[in-house]
Amino acid sequence: MWRYFSEDRVSDYFGLAADETMALRVGKNQSPPILRLYTYRSNSALVGRFQRIENELNLNFCETQGISVNRRPTGGGAILMGEDQLGVAWMLREWEGCQAPRELMKHFAATLCDGLNSFGIDAKFRGKNDLEVEGRKIAGLGIHSNAAGGYLFHCSLLVGLDVTLMLKALNVPVEKLEAKKLQSIEGRITTVRKELDQNISLNEVRDTLKKSFGKYFGIDFQKDHYTQEEQSAIAEMETSKYLNREWIYQKVEVPDLSGESRQMTPAGLIDVRVTMAGRQIKAVFIGGDFFAGESAVADIEGSLRWHSSEPEAIRKTLDPIYIRREDDLSFLPVEVLCEAVLKAIESAQTIADGNTSGYGCFVNPQGANEESQHP
Amino acid sequence: MDLTFPKHLYYEPEHHVWCLLESDQKIRLGIDPLGISSLGELAYLSLNPIESQIRKGQAMGVLEAAKMTGELIAPLSGSITERNQEALEDPYQVNQDPYGKGWLCVIACEDWETESKHLITGEAVEAWSEKEMERYRSQGWID
């Protein structure tokens with residue numbers, strides 16, 4: 001028996017506190033597994049567990065627009081959540097004896113893809129934590145494990161999105177971007193409504209995902225409510241953590257870095273920009289005037305999100321893409337691309353606090369996409 | 001990664017934290033290579049502050065690896081006396097050198113004699129680590 005919660009327009013602090021509290025209770029065997037499909041009150045900007053909030057969000061803009069800010073227990077980039085983005089939280093200890101988080105993640109992603117596929121949207125699980133439709137990101141996934149042995153799998157699914165508002169909240173200087181650059185950023189993101197070319201309701205998407213989970217895991221969900229004890233525990237979590245400025249604005253020890261390389265190669269001009277958390281790549285943008293398929297370049301960028309910066313690891317990730325996308329990448333040799341990426345990594349410098357070089361969950365590095373000229 | 005398990009260390013069998021007894025109550029802690037392999041490359045790491053009390057089985061810190069966040073579970077009870085600042089600023093050291101530069105913290109243990117009884121050490125390490133590696137592979141924790 002699993003529990004099902006459906007909620008709308010929750011506050012940022014309640015939404016996050018309920019996810020963490022209930023996952024903890026599941027870990028302690030105080031609750032069976034839970035599926036929670038919910039929306040936040042428009043709008044809430046949520047940074048990843050260890051992100052520097054001053055670098056990731058335009059705090060002045062958020063304040064003047066009434067956008068609440070908070071910090072998730074899950075990792076990854078900043079996101080803007082509201083009434084057009086569906087939060088999917090799956091909480092459990094194990095499934096059919098499996099406790100390995102990456103294996104469980106495959107089931108979580110497969111269920112979400114099944115739901116989107118039933119609308120005719122060809123969504124695929126890509127890299128470590130993305131759902132994409134032909135190279136365009138439609139959802140970001142994350143995992144948090146707690147000391148009690150419980151897991152929180154979370155997905156932020158874009159049913160709709162005000163891209164300009166998201167970019168402004170996420171510290172991307174929209175005013176300085178030309179229309180072409182904005183279009184390019186928009187081209188790397190998609191939504192359920194955009195894919196279907198209709199204004200489908202969030203409830204219809206929610207109902208479909210609920211059915212998808214029910215079918216995949218063999219569960220007949222009935223809507224549940226928090227017990228009095230659970231409500232008290234969530235309230236305690238709100239007060240101690242998600243309403244606490246020390247949590248939201250906490251200091252992060254690992255520095256944010258950004259770097260770039262721009263060089264002429266036999267394949268043409270290659271412009272690579274990276275943002276990094278210490279030695280880990282957060283995001284890569286590859287531009288220039290070389291010939292390569294746009295979706296193949298997006299494929300590479302997606303595969304290098306939250307990736308090791310070690311040369312061998314980068315090559316190990318790129319080689320299978322080059323085999324799979326041989327025709328699209330034949331004019332951009334893997335050795336040339338590797339060298340350009342490594343030079344950008346070597347050039348990476350610490351980003352000062354408040355700099356606008358953040359990396360949102362759905363956005364590549366600042367300035368990214370602006371000079372992309374691949375055909 | 002080199003999945004070796006030196007016999008002179010003590011291992012917490014569930015969460016794969018190693019313990020080095022440096023003096024009567026001074027214990028150095030780190031994550032063993034199997035624990036690290038199951039997480040992937042660490043991006044971020046935080047540890048409870050110096051002088052904070054930690055309880056066996058409860059969180060003593062948090063880490064983010066390959067976009068998964070998880071709590072670091074204390075293998076013993078006591079208080080944190082030292083933290084590895086270099087690893088906090090560059091968590092990849094934990095991946096690169098888990099028994100050396102990648103140590104996490106030093107604690108003053110409250111009751112080593114009692115709490116160390118659930119740790120694996122000495123001749124028992126080889127059989128335990130082989131069994132754990134097989135379990136981690138079969139369940140998909142590591143490739």
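Predicted model: local features only at pLDDT ≥ 70, side-chain atom pairs only at ≥ 80, totals over all residues.
How many salt bridges are there between chain A and chain B? The count is two, where a salt bridge is a side-chain nitrogen of Lys or Arg within 4 Å of a carboxyl oxygen of Asp or Glu. In one salt bridge, the side chain of Arg279(A) meets that of Asp90(B), with 2.5 Å from N to O.

Residues are numbered from 1 along each chain as its sequence is written, chains are lettered from A and ligands numbered from 1 in the order in which they are written, and side-chain values use heavy atoms, with hydrogens and water left out.

Turning to the contact as a whole (heavy atoms within 4.5 Å), chain A gives 35 residues and chain B gives 33 residues. The buried area, meaning the accessible area (1.4 Å probe) that two parts lose on being put together, summed over both, is about 2,800 Å² between these chains, and carbon and sulfur atoms give 52% of it. On the side of chain A, the residues that lose the most area to chain B are Phe50(A), Glu253(A) and Arg279(A), together 24% of what that side buries.

Finally, the strands, which are DSSP runs of E of at least two residues, numbered from the N terminus: S9(A) and S7(B), residues 68–73 of chain B, pair in the parallel sense over three bridges, where pairing requires that DSSP finds at least two bridges between two strands. Within S7(B), Gly70(B) is the bridge partner of Ser145(A).

How values were computed:
Helix = DSSP H or I, 4+ residues; strand = E, 2+ residues; numbered from the N terminus.
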